[in-house]
Amino acid sequence: MSAKLRGEGAPRRPTEKPTLTADGISLEELAAQLEQDPGECRRACEGLESVDVETRVSIIEGLAGISAGAGIISLLQLLAASESAETREAALAVQKILDGREDSVLRASSVEAEPGDDPGAGHARGVLDVALDSSRKIVLVGDQARPRLVNCLVTAVDGMGRGSVAISSTRQTERCTAMFLCDVERGITDAIGQVEAESQGAGALLEDAKAQAGSLGIEGTPELALRLLAGCLSLSGPATARPVMEWLERTLGRGFEPRPLPAPTAEWSLEPAGGSDLLLRADEVLRACPTWLDRSPLTFELAEEVCLREGRGAVDPHRDSGAFRFLFEHRIIHRLELYRRMLLWMHWFWRCAGELELAGSARILAWQLSDEQFAVPSHPFTVVLTARSLDAARERLGTEDDPRPARKVT
């Protein structure tokens, strides 16, 4: 592809946008090629980077005048990350123009591909092809019978690996809003919804969910909402509850397909991270997720033993190493996959929320928990999780939160 992007050929007037190859390939033909083979986007980007800046910017500006699909959008995203300021500015300007056009495909700016992603991982087939109409509503294109996606909400996951995704869509004169209850291990476990006449106040179910979620919810990120729904649907299997399938069809139309979230790979941990750095990252992540605690009876038993031996002070990983190791070997090690998936969910959540430091920490920790060599009680994430869990249990000994029936205060 790089040879085709040299801008060679007949001389052009200054107002003309260049063709991309010596043999006269047009921008429309390039768009068609990229639609057929999205893998060519990176080669096209490299080809553009190889030409002079003036020609490159002129070619990029020409993309604003064509019917841009997912291939062109992906190319623009790559160009927007260029080291060249002129290239970045031109690509971002064209993206802004395309965002305002009715025929443009919504760029996946909220959930961008990570190194190691499946090239199609950002698209739930038939559903993530979306466009913006003149009222700025999100439209699922390709099927005129599909509902219009008006709004969406994604919540953080709690300490049990449960989160929610809300979808509000309209079709003709009817608004349908549904809350999907998701579990990072069991998939979409349940759904509740509301159908009402389209009006200014329609979609109250989503508004109520947003109020309850507070800062632990993100509104208006369709790529994130649909990506997580597709990923959770892939975990549900053929025994997906009937209400779930009914509300998926009502809010998103037929054909919404499961698609696993990309698994972490070694390339996800590009940043060097020593033990102290990881300890800080784990502490920041778990402080941001205060419900991520192990509340098992075993945790309370160990917390009580530490209290009887050392008093009511905070636990210490070195002094109480026996308790830390015992809890890891009999409880935490069996839940590492759960925490890995929770970290993946929060990686995407924080990425869309603009919390890039937290998102990066969650990504690194998720990758490490997928590797058996890090399944040890001394791993920073395990140490911080254990300490926080034992301290929380220590504060709740004998209360209603104590899961041991014989120890609760009556």
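Residues 24 or more positions apart account for 69% of the contacts (heavy atoms within 4.5 Å) in the protein chain with a separation of 6 or more. This is a predicted model: local features need pLDDT of at least 70, side-chain atom pairs count only at pLDDT 80 or more, and totals for chains, interfaces and linings use all residues. Residues are numbered from 1 along each chain as its sequence is written, and side-chain values use heavy atoms, with hydrogens and water left out.

**Overall make-up**
- The protein chain has 14 helices and seven strands. Both are DSSP runs numbered from the N terminus: helices are H or I with at least four residues, strands are E with at least two.
- Of the 410 residues in the protein chain, 49% are buried. Buried means under 20% relative accessible area, with a 1.4 Å probe and protein chains only.

**Aromatic pairs**
- Rings of Phe, Tyr and Trp (its six-membered ring) pair if their centres lie within 6.5 Å; planes under 30 degrees apart count as stacked, over 60 as edge-to-face and the rest as tilted.
- By this rule there are two aromatic pairs.
- The ring centres of Tyr-339 and Phe-381 are 5.7 Å apart and their planes stand at 65 degrees, so this pair is edge-to-face.
- Tyr-339 belongs to helix α12 (residues 336-353) and Phe-381 to helix α14 (residues 380-396), so the pair ties together parts 42 residues apart in sequence.
- Both Tyr-339 and Phe-381 are buried.

**Thr-382**
- Helix α14 also holds Thr-382.
- Thr-382 counts as buried because its relative accessibility is 1%.
- Beyond its neighbours within four places in sequence, Thr-382 contacts Phe-328, Ile-332, Leu-336, Val-376 and Pro-377.

**Charges over rings**
- A charge sits over a ring if NZ of Lys or CZ of Arg is within 6 Å of the ring centre and within 35 degrees of the ring normal.
- Arg-227 lies over the face of Trp-348, 4.1 Å from the ring centre.
- Arg-250 has its charged end over the ring of Trp-247, at 4.7 Å from the centre.

**Helices α7 and α8**
- Helix α7 (residues 222-236) packs against helix α8 (residues 242-252) at about 150 degrees, with the axes 13 Å apart. Axes are lines fitted to C-alpha atoms, for helices over the stretch in contact; angles run from 0 to 180 degrees between N-to-C directions.
- α7 and α8 are therefore roughly antiparallel, a label for angles over 145 degrees.
- Leu-226, Leu-229 and Leu-233 in α7 meet Met-245, Leu-248 and Leu-252 in α8.

Definitions and conventions. Buried means under 20% relative accessible area, exposed over 50%, partly exposed in between (1.4 Å probe, protein chains only). Angles under 35 degrees count as roughly parallel, over 145 as roughly antiparallel, 65 to 115 as roughly perpendicular and the rest as oblique.
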